[in-house]
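Trainee: I have not looked at this structure before, and I would like to go through it step by step. Could we begin with the overall picture and then turn to single residues?

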Amino acid sequence: MSNTKPIGVAFTDQDIIGSQYVLSGEQLGYTTDAQGSVTQITSKATAVTLNKSAGKITMDAASLGATTNVTFTLNNSLISTNDVLILNVYGGTSGSYNAWVSGLSAGAATITVRNITGGALAEAIAINFALIHCQ
């Protein structure tokens, strides 16, 4: 984004507070400082903590049975009860898993992952997440 608001001899980025729309011709997202990663230990049901607005969760490589769910907690001090948490699975065998937020509270989200195949899989599934912060 170009600098558009003159403040004497320097510029500051556009203030979007109160704007009806946020449009981008390129990318819209989080800076690298707002992103992080965490790896589960012990089991796929082990809670993880990552206090970032976006990031990657690498799950434990324990076996997950055919058509079976596993649930774990993402502890994150940035989550509020008004937020939306977006998930996508990008690691593991393509098309073998579904992931969704099954619960949300201030400071934590419950994430459920399901093996949708007909056989057990033992993979370190990777999940990307991003918070849409709502007031």
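Mentor: Let us start with one pair of residues in this predicted model: G55 of the protein chain has F129 as its bridge partner in β12. Strand β5, residues 54-58, pairs with β12 in the antiparallel sense over five bridges.

Trainee: Which residue in β12 is the bridge partner of A54?

Mentor: Strands β5 and β12 are antiparallel, and G55 has F129 as its partner in β12. For A54, the bridge partner in β12 is A130.

Trainee: Which residue stands opposite A130 on strand β8?

Mentor: Strand β8, residues 84-89, is joined to β12 by six bridges, and the two run antiparallel. The residue that stands opposite A130 in β12 is I86.

Trainee: In what sense do β3 and β5 pair, parallel or antiparallel?

Mentor: Strands of a sheet pair through backbone hydrogen bonds, and either sense can occur. Here Q35 has A54 as its bridge partner in β5. Strand β3, residues 35-39, and β5 are joined over five bridges, and the sense of their pairing is parallel.

Trainee: How many of the five residues of β5 are buried?

Mentor: Strand β5 pairs with β12 and also with β3. It is described as mostly covered, and the number of its five residues that are buried is four.

Trainee: How many helices and strands does the protein chain have?

Mentor: Read from the N terminus, every element in the run of the protein chain is given as β: β-β-β-β-β-β-β-β-β-β-β-β. The count is therefore made up of strands, since helices and strands are taken as DSSP runs. The chain has zero helices and 12 strands.

Trainee: Which elements give two or more residues to the largest nonpolar core?

Mentor: This core has 21 residues, and those that touch the most other members are I57, F72, L74, I111, V113 and I127. One of them, I111, is in contact with residues including I57, F72, L74 and I127, leaving aside its neighbours within four places in sequence. The elements that give two or more residues to the core are β7 (69-75), β8, β10 (108-115) and β12.

Trainee: How far away from E123 is the nearest side chain of opposite charge?

Mentor: E123 lies in the loop between β11 (121-122) and β12 (126-132), and it touches K44, D60, A61, A62, G92, T93 and Y97 when residues up to four places away in sequence are not counted. E123 is buried yet has no salt bridge, because such a bridge needs a side-chain nitrogen of Lys or Arg within 4 Å of a carboxyl oxygen. The nearest side chain of opposite charge belongs to K44, and its distance is 7.3 Å.

Key: Residues numbered from 1 in each chain as written. Predicted model: local features only at pLDDT ≥ 70, side-chain atom pairs only at ≥ 80, totals over all residues. Heavy atoms only, no water. Buried < 20%, exposed > 50% of the residue type's maximum accessible area, 1.4 Å probe, protein only. Lys, Arg positive; Asp, Glu negative; His and termini not counted. Contact = heavy atoms within 4.5 Å. Pairing = 2+ DSSP bridges. Core = buried A, V, L, I, M, F, W, Y, C linked by side-chain atoms within 4.5 Å.
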